[in-house]
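Student: I would like to go through this model with you, one element at a time. Could we begin with the sheet and then turn to the helices?

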Amino acid sequence: MERIEAELFTDDGNDAVVRVPGRRFPGVLVQGDSLYVLRCDVAEVVEACERGDLDGGSDSAGLLLAHLDALLARYEVALSEHEIPRPY
């Protein structure tokens, strides 16, 4: 394990925006339990599609998209507050 200093652009919640040395743009640090929840959300969409449950799959995908949109919005606000252009 290597210890480094990183720049913290938001509070250190479950989805902190940080930049590690050597990177031009910050990233979003997703805690392991939150990553697992995202994985389960994707699995739910896949399973619904495999069952042919398009309504259920669509609902699950909509919730997943809303969660990812919230993460992206937090990231974009942090970049804007620190006058960093978006990498996309």
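Student: Before we continue, what should I keep in mind about the source?

Tutor: This is a predicted model, in which local features need pLDDT of at least 70 and side-chain atom pairs count only at pLDDT 80 or more, while totals for chains, interfaces and linings use all residues. Residues are numbered from 1 along each chain as its sequence is written, and side-chain values use heavy atoms, with hydrogens and water left out.

Student: What is the strand order in the sheet?

Tutor: The order is 1-2-3 in an open sheet of three strands, with antiparallel pairing. Strand 1 (7-8) and strand 3 stand at the edges with a single partner strand each, so one side of each has no neighbour in the sheet. Two strands pair if DSSP finds at least two bridges between them.

Student: How many bridges does each pair have?

Tutor: Strand 1 and strand 2 pair over two bridges, and strand 2 and strand 3 over four. V18 of strand 2 is the bridge partner of L8 and also stands opposite G27 in strand 3. A16 stands opposite L29 in strand 3. A hairpin of six residues joins strand 1 to strand 2.

Student: What about A6?

Tutor: A6 is found in the segment before strand 1 and is partly exposed, with a relative accessible area of 46%. Leaving aside neighbours within four places in sequence, A6 is in contact (heavy atoms within 4.5 Å) with R19 and V20. A6 and V20 are 14 residues apart in sequence, yet their C-alpha atoms are 4.7 Å apart.

Student: Now the helices. How do helix 1 and helix 2 cross?

Tutor: Their axes come within 8 Å and cross at roughly 155°. The two helices are therefore roughly antiparallel to each other. Axes are lines fitted to C-alpha atoms, for helices over the stretch in contact, and angles run from 0 to 180 degrees between N-to-C directions. Angles under 35 degrees count as roughly parallel, over 145 as roughly antiparallel, 65 to 115 as roughly perpendicular and the rest as oblique.

Student: Which residues make that contact?

Tutor: Among them are L38, D41 and V45 of helix 1, and G56, S60 and L64 of helix 2. S60 is buried, with a relative accessible area of 9%, and touches E44 and V45, not counting residues up to four places away in sequence.

Student: What covers the buried residues of helix 2?

Tutor: The cover includes strand 2 (15-19), strand 3 (27-30) and helix 1 (32-51). The buried residues of helix 2 include G57, L71, Y75 and E76.

Student: What span should helix 2 have?

Tutor: At 1.5 Å a residue, the 28 residues of helix 2 (residues 54-81) should span 40 Å, and the end C-alpha atoms are 40 Å apart, which agrees. The expected span is 1.5 Å times one less than the number of residues.

Student: And what follows helix 2?

Tutor: Just after helix 2, E83 takes a positive phi of about 55°, although E83 is not a glycine. E83 is exposed, with a relative accessible area of 74%.

How values were computed
Buried < 20%, exposed > 50% of the residue type's maximum accessible area, 1.4 Å probe, protein only.
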